[in-house]
Amino acid sequence: FQARGAQRSKKQTSETTGMRDYSKVSAQFWTGKTGRSLRGDMQTQIVALYLMTSPHANMIGVFNCPIVYISHETGSPFEGALNGLKKLVEGGFCTYDDDSETVWIHEMAKFQIGDSLKASDNRVKDIQKQYENLPEGQIKQGFYEKYGGAYHLPLNEPKESPLQAPS
């Protein structure tokens, strides 16, 4: 018996699935401010670790993550996943937009990429592309305010609607 998807075919790679090949999770997670604040709350710890290692995540830490994904992929009841996510939002670990089902793990880009990059770094173009594809709103604006200068992001200007007359 083999679970569906247990083995990847040779053609199914991170490029075709959209999954990252690796990510960094610091051992400091357990002893730092966030980890210490989560002690004794295993459900919230699981949700935090899931968000950092999710197959849907990316290096900037902003990605589509319906709560049902968290529930299903961690084996947690839906209410447990929801409550864990709410506690992480309240604690400042992440921001969640219900309308777009987008999550932003505030410090993930710093840990996955670094504090800043030179404009000539090859990763800048990928970060810019991921940023430009984010839905407009609080998360995109917050990401720009935190990382715009460090990662050479273009000015975040609202796009005009194609149905709107130019001013």
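These entries record what I looked up on aromatic pairs and a surface patch in a predicted model.

Residues are numbered from 1 along each chain as its sequence is written. Local features need pLDDT of at least 70 and side-chain atom pairs pLDDT 80 or more, totals for chains, interfaces and linings use all residues, and side-chain values use heavy atoms, without hydrogens or water.

**Aromatic pairs.** I counted ring pairs of Phe, Tyr and Trp (its six-membered ring), with centres within 6.5 Å; planes under 30 degrees apart are stacked, over 60 edge-to-face and the rest tilted. The count comes to six aromatic pairs. W104 and F143 are edge-to-face, because their centres lie 6.1 Å apart and their planes stand at 70 degrees. This pair links distant parts of the chain, 39 residues apart: W104 belongs to strand β3 (residues 102-105) and F143 to helix α9 (residues 138-147). I took helices (H or I, at least four residues) and strands (E, at least two) as DSSP runs, numbered from the N terminus.

I then looked up burial (buried under 20% relative accessible area, exposed over 50%, partly exposed in between; 1.4 Å probe, protein chains only). W104 is buried at 7%, and F143 is buried at 0%.

F143 also forms a tilted pair with Y147, at 4.9 Å centre to centre and 40 degrees between the planes. F143 and Y147 are about one helical turn apart, because four residues separate them in helix α9. Y147 is buried, as is F143.

**Cluster.** I noted that ring pairs join W104, Y131, F143, Y144, Y147 and Y151 into a cluster.
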